[in-house]
Amino acid sequence: MQIWVDADACPNVIKEILFRAAERRQIALTLVANKLLHCPPSRVIRALQVPAGFDVADNKIAQAVEPGDLVITADIPLAAQVIARGAHALNPRGELYTKDTIQERLTMRNFMEGLRSSGVETGGPSALSQGDRQAFANQLDKFLARHGA
């Protein structure tokens with residue numbers, strides 16, 4: 001199993017949680033972004049820079065992910081692709097996307113995108129709270145324990 005991170009928009013505090021988990025469990029962790037990223041020196045952590053462009057990092061992750069891998073992303077279309085390939089997707093706020101929930105999330109995302117494109121102000125997500133960080137860390141630990149990592 002490997003952990004992939006859609007790192008362009010992943011909060012630094014979530015990356016720090018992932019760095020600690022990867023080191024503690026010696027799991028390969030790859031951050032994918034279209035900008036240069038700082039990673040701690042490690043045998044298991046690496047950053048992969050892809051060219052700038054719409055969905056380039058997402059496409060790289062979708063192509064590279066293997067069944068059983070875990071992808072950290074808030075991008076619902078990427079999460080849907082990952083799940084379709086037999087991998088798992090976890091939102092930085094601690095929501096584990098599943099085959100049962102991803103279609104509903106995708107439908108809601110598309111609905112909200114339609115509203116925004118018609119000029120309706122929908123606002124953005126709230127700031128990442130301490131509760132969100134804790135929910136992410138707890139869900140990550142549960143996932144890793146369940147999958148023998």
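Is D58 buried or exposed? In this predicted model, D58 is buried, with a relative accessible area of 9%. The cut-off for buried is under 20%, so D58 qualifies at 9%. D58 lies in helix α2. Its contacts, leaving aside neighbours within four places in sequence, are D6, D75 and L78.

Six strands make up an open sheet, and the pairing is mixed. The strand order is β3-β2-β1-β4-β5-β6. The edges belong to β3 (45-49) and β6 (96-97). Each of these two has a single partner strand, so one side of each is left without a neighbour in the sheet.

Helix α2 (residues 56-64) packs on this sheet. The helix touches β1 (2-6), β2, β3 and β4 (70-72). Its direction makes about 165° with that of β1.

Now look at the pairing of β3. Strand β2 (residues 28-33) runs parallel to β3, and five bridges join the two. Within this pair, L31 stands opposite A47 in β3.

Next comes helix α1. This helix covers residues 12-25, 14 residues in total. From its first C-alpha to its last, α1 reaches 20 Å, close to the 20 Å expected at 1.5 Å a residue. Q26 follows α1 and has a positive phi, near 55°.

Which residues of α1 are buried? They are I14, K15, I17, L18, F19, A21 and A22. The spacing of such a list can be read against helix geometry. An α-helix has 3.6 residues a turn, so residues three or four places apart point the same way. The cover over the buried residues of α1 includes β1, β2, β3, β4 and α5 (130-146).

Helix α5 brings in F136, which is located there. F136 is buried, with a relative accessible area of 0%. What does F136 touch, not counting residues up to four places away in sequence? Its contacts include I14, I17 and L18, which are among the buried residues of α1. F136 also touches I72, L90, N91, P92, R93 and G94.

Last, the cysteines. C10 is buried, with a relative accessible area of 7%. C39 also counts as buried, at 18% relative accessibility. The structure holds zero disulfides.

Conventions. Residues are numbered from 1 along each chain as its sequence is written. This is a predicted model: local features need pLDDT of at least 70, side-chain atom pairs count only at pLDDT 80 or more; totals for chains, interfaces and linings use all residues. Side-chain values use heavy atoms; hydrogens and water are left out. A disulfide is a pair of cysteine sulfur atoms within 2.5 Å. Buried means under 20% relative accessible area, exposed over 50%, partly exposed in between (1.4 Å probe, protein chains only). Two strands pair if DSSP finds at least two bridges between them. Helices (H or I, at least four residues) and strands (E, at least two) are DSSP runs, numbered from the N terminus. Contact means heavy atoms within 4.5 Å. Axes are lines fitted to C-alpha atoms, for helices over the stretch in contact, and angles run from 0 to 180 degrees between N-to-C directions. The expected span of a helix is 1.5 Å times one less than its number of residues.
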